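Here is a short report on one structure.

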Amino acid sequence: MWTRWYDFDRSFSALDEFQRRMDRMFGEFQRESPRFPTFPRANLYDTDTAYVIQAEMPGMSEKDVDLSIHQDEVCIEGERTLAPPTGYSVHRQERAPYKFSRTFTLPEPVDVDAATASLRDGILVVVAPKTAQAKARTIEIKAN
Amino acid sequence: MVQQSMQKAGPTKDLMKRETTALPLVTVMPLVDIFENDEELLIVAEMPGARRQDLAVKFVNDTLTLTCARTLEKEGSVLLGELHPAEYNRSFVIPRGVDATKITAELKNGVLNVHLPKGEAARPRQIEVKQL
């Protein structure tokens, strides 16, 4: 009987797994609640020499974004104002103005002075180089 | 035998080569604002990461289609992944009266503006009333 029950239970866990996978597939563009969307959506990469953040900032120029790095915290703040162009009537408005602040905590403090950032095609890219101690090293293995 | 039959069916060879571990490309409907004045319709579409060379704006049979494949440079290992390579795609049925030959589009900071100028017939006119 227990075996049967286990089979029964397990079939649900398969369903759960299926749902998790589907959520992962479709989740990216619907995960956030419509009232409080995560903004900006971002990627964080760990390369051997640096941490790289990519963040979506459509319609924003470098003047609209403030970036600060304190030890291991990267903070992106800014505001996007939207005004319909003058003299036009509005048929449809899906884009929204944003005032945002998002902080990324990196796994370790980074070299703040060497950090760079660029904003191109609506994507902000922040490169925060690792400190010398944190960089990956290859250690030679000696034979006895 | 199986190999022979697979060779006959040409396109399946490409399917075999496809990387199964790669993320499937997500199709995204870009958010748009639509404005109008006496001269033109203006469509403003939000496409972060869109590059000019990847963007296609087509006008066929009164339908305007915006498509763009967004690629992202992947570097090192992923600690947080909220963005993926994606394909923007959205179509609009444009009312008659738009002069299709004069449609222009510009891309700035990941936002696409498409200007659809109205033809002469669709522009507002003041009609003079005659005194009889």
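## Chain A layout

Along the sequence, chain A runs α-β-β-β-β-β-β-β-β. That makes 1 helix and 8 strands. The model is predicted.

Chain A has 144 residues, and 31% of them count as buried. Among chain A contacts between residues at least 6 apart in sequence, 51% join residues at least 24 apart.

## Surface of chain A

Chain A exposes about 10200 Å². Carbon and sulfur atoms supply 51% of that area.

One nonpolar surface patch covers about 320 Å². Its members are A:F12, A:L15 and A:F18. A:F18 sits in helix α1, which spans residues 2–27 of chain A.

## Salt bridges within chain A

Side chains of opposite charge can pair when their charged atoms come close. Over all chains, the count comes to 14 salt bridges. One of them joins A:E56 and A:R41, with the closest N and O atoms 3.1 Å apart. A:E56 belongs to strand β2 (residues 50–56) and A:R41 to the loop between α1 and β1 (42–46), so the pair ties together parts of chain A that are 15 residues apart in sequence. Both A:E56 and A:R41 are buried.

A second pair is A:R92 with A:E94. Here the closest N and O atoms are 2.6 Å apart. A:R92 counts as partly exposed because its relative accessibility is 40%, and the cut-off for buried is under 20%.

## A salt bridge between chains

A:R95 forms a salt bridge with B:D33, the closest N and O atoms being 3.9 Å apart. This pair crosses between chains. On one side, A:R95 lies in the loop between β5 (89–93) and β6 (98–105) of chain A. On the other, B:D33 lies in strand β2 (residues 32–36) of chain B.

Is this pair buried or exposed? Both A:R95 and B:D33 are buried. The pair also belongs to a network: salt bridges that share partners join A:R80, A:R95, B:D33 and B:E46.

## B:R90 and its contacts

B:R90 is placed in strand β7 (residues 86–93) of chain B. Its relative accessible area is 9%, so B:R90 counts as buried. The side chains of B:R90 and A:E94 are joined by a polar contact of 2.8 Å. A:E94 is also the salt-bridge partner of A:R92.

Leaving aside neighbours within four places in sequence, B:R90 contacts A:R92 and A:E94 in chain A. In chain B, B:R90 contacts B:M29, B:P30, B:L31, B:V32, B:L64, B:T65 and B:L66.

## B:E40: buried without a salt bridge

B:E40 lies in strand β3 (residues 40–46) of chain B. This residue is buried yet has no salt bridge.

Not counting residues up to four places away in sequence, B:E40 touches A:Y88, B:F35, B:H115, B:L116, B:P117 and B:K118.

Conventions
Residues numbered from 1 in each chain as written. Chains lettered and ligands numbered in written order. Predicted model: local features only at pLDDT ≥ 70, side-chain atom pairs only at ≥ 80, totals over all residues. Heavy atoms only, no water. Helix = DSSP H or I, 4+ residues; strand = E, 2+ residues; numbered from the N terminus. Buried < 20%, exposed > 50% of the residue type's maximum accessible area, 1.4 Å probe, protein only. Lys, Arg positive; Asp, Glu negative; His and termini not counted. Salt bridge = Lys/Arg side-chain N within 4 Å of Asp/Glu carboxyl O. Contact = heavy atoms within 4.5 Å. Areas by Shrake-Rupley, 256 points an atom, 1.4 Å probe, with all protein chains shown as cover. Patch = residues over 30% accessible without salt bridge, like charges linked within 9 Å, V, L, I, M, F, W, Y side chains within 5 Å. Polar contact = N/O pair within 3.5 Å; in protein donor to acceptor, adjacent residues only side chain to side chain.
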